[in-house]
Amino acid sequence: MSFSAEATATRPAVTLTIAGSEATGGAGAQADLKTFQELGTYGITALTCIVAFNPNDNWNHRFTPVDPQVIADQLEAIQACYAGSLDTVKIGMLGSPATIKTVSAALKSQDWKNVVLDPVLICKGQEPGHALDTDQALKADVLPLATFVTPNHFESESLSGITINNVEDLKEAARLIHRASGAVVLAKGGVRLDGPDAVDVYFDGETLEVLSAPKVGEVAVSGAGCSLAAAITAELAKGAAPLEAARTAKAFVTEGIKARVSSNAPFDALWQGFAN
Ligand code: PXL
């Protein structure tokens with residue numbers, strides 16, 4: 001293989017993630033970029049915050065927001081650089097109302113084909129109360145811009161306003177979130193619902209489909225949610241229909257969980273490179 005500077009005939013689809021750094025590499029922008037690479041899209045990143053787990057305090061999150069002006073600068077560079085070819089974005093952890101304002105202003109400054117929102121309201125180990133003002137701002141300023149939203153169990157309860165104990169509840173939540181946002185919804189039960197399978201509910205306003213795969217253990221793996229939404233983003237950018245993107249993403253994440261990487265942290269991390 002030769003590495004020439006000449007333009008290649010095929011250009012990869014460009015996928016942007018607006019997300020936080022999770023320093024140990026399991027979740028956040030790192031998971032998104034690895035997923036984009038594996039699925040053949042050209043990944044770019046605007047960082048919203050830096051998360052550093054504290055090994056001396058139960059691996060709790062230390063959260064540092066990136067200055068809103070610095071977020072705006074990154075997005076300005078990205079949007080100028082890829083004007084005309086950037087139409088697909090994934091939104092991960094935003095973390096504060098100020099960040100949400102900055103990101104929603106940048107999103108509104110251009111047209112998008114796909115805005116995939118992983119409405120990260122809370123991470124493992126955080127208190128729900130921390131997320132309430134972020135929750136409100138996300139609903140008001142970003143959810144209306146989303147074309148595809150991937151809430152987990154907690155986020156589905158928060159966005160739908162109902163309690164979710166089983167698949168029927170998850171279906172109802174998916175319908176309610178679709179009605180409120182107009183977006184395609186993949187509401188994730190993951191390991192949170194009882195039973196042998198990890199069940200997610202897809203609803204696009206017409207088609208309701210339960211996506212199911214045997215659970216790989218009963219413990220949540222770091223990066224599963226990020227990688228799922230990133231895989232949906234990559235598939236949509238390559239032209240897949242939403243249901244097909246969701247199916248491919250679910251299969252990708254299931255394989256990535258099977259190949260998970262353990263470390264000295266008390267949770268494993270999904271490995272996107274399972275095929276290598
Ligand atoms: O998995 C949710 C998530 C997203 N983004 C960042 C995170 C986490 C969880 O730790 O740190 C940056």
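This is a predicted model: local features need pLDDT of at least 70, side-chain atom pairs count only at pLDDT 80 or more; totals for chains, interfaces and linings use all residues.
## Salt bridges

The structure contains 14 salt bridges. Three of these pairs are described below, with the accessibility of each partner.

Asp87 and Lys113 form a salt bridge in which the closest N and O atoms are 3.9 Å apart. Lys113 sits in the loop between α3 (97-108) and β5 (114-117), and Asp87 in the loop between α2 (68-81) and β4 (88-91), so this pair ties together parts that are 26 residues apart in sequence. Lys113 is exposed, at 54% relative accessible area, whereas Asp87 is partly exposed, at 27%.

## The pair between β9 and α8

Glu209 and Arg247 form a salt bridge with their closest N and O atoms 2.8 Å apart. Because Glu209 belongs to strand β9 (residues 208-214) and Arg247 to helix α8, the pair ties together parts that are 38 residues apart in sequence. Glu209 is partly exposed, with 23% relative accessibility, and Arg247 is also partly exposed, with 35%.

The side chains of Lys215 and Glu218 meet in a salt bridge at 3.7 Å, N to O. Glu218 is exposed, at 55% relative accessible area; Lys215, at 14%, counts as buried.

## Nonpolar surface patch

Val261, Trp271 and Phe274 make up a nonpolar patch on the surface, and together they have about 250 Å² of accessible area. Val261 lies in the segment after α8 (242-258). Val261 counts as partly exposed, because its relative accessibility is 40%.

Notes:
Residues are numbered from 1 along each chain as its sequence is written. Side-chain values use heavy atoms; hydrogens and water are left out. Patches are made of residues with over 30% relative accessible area and no salt bridge: like charges are joined within 9 Å, nonpolar side chains (Val, Leu, Ile, Met, Phe, Trp, Tyr) within 5 Å. Accessible areas come from the Shrake-Rupley method with a 1.4 Å probe; for residues, only the protein chains shown count as cover. A salt bridge is a side-chain nitrogen of Lys or Arg within 4 Å of a carboxyl oxygen of Asp or Glu. Helices (H or I, at least four residues) and strands (E, at least two) are DSSP runs, numbered from the N terminus. Buried means under 20% relative accessible area, exposed over 50%, partly exposed in between (1.4 Å probe, protein chains only).
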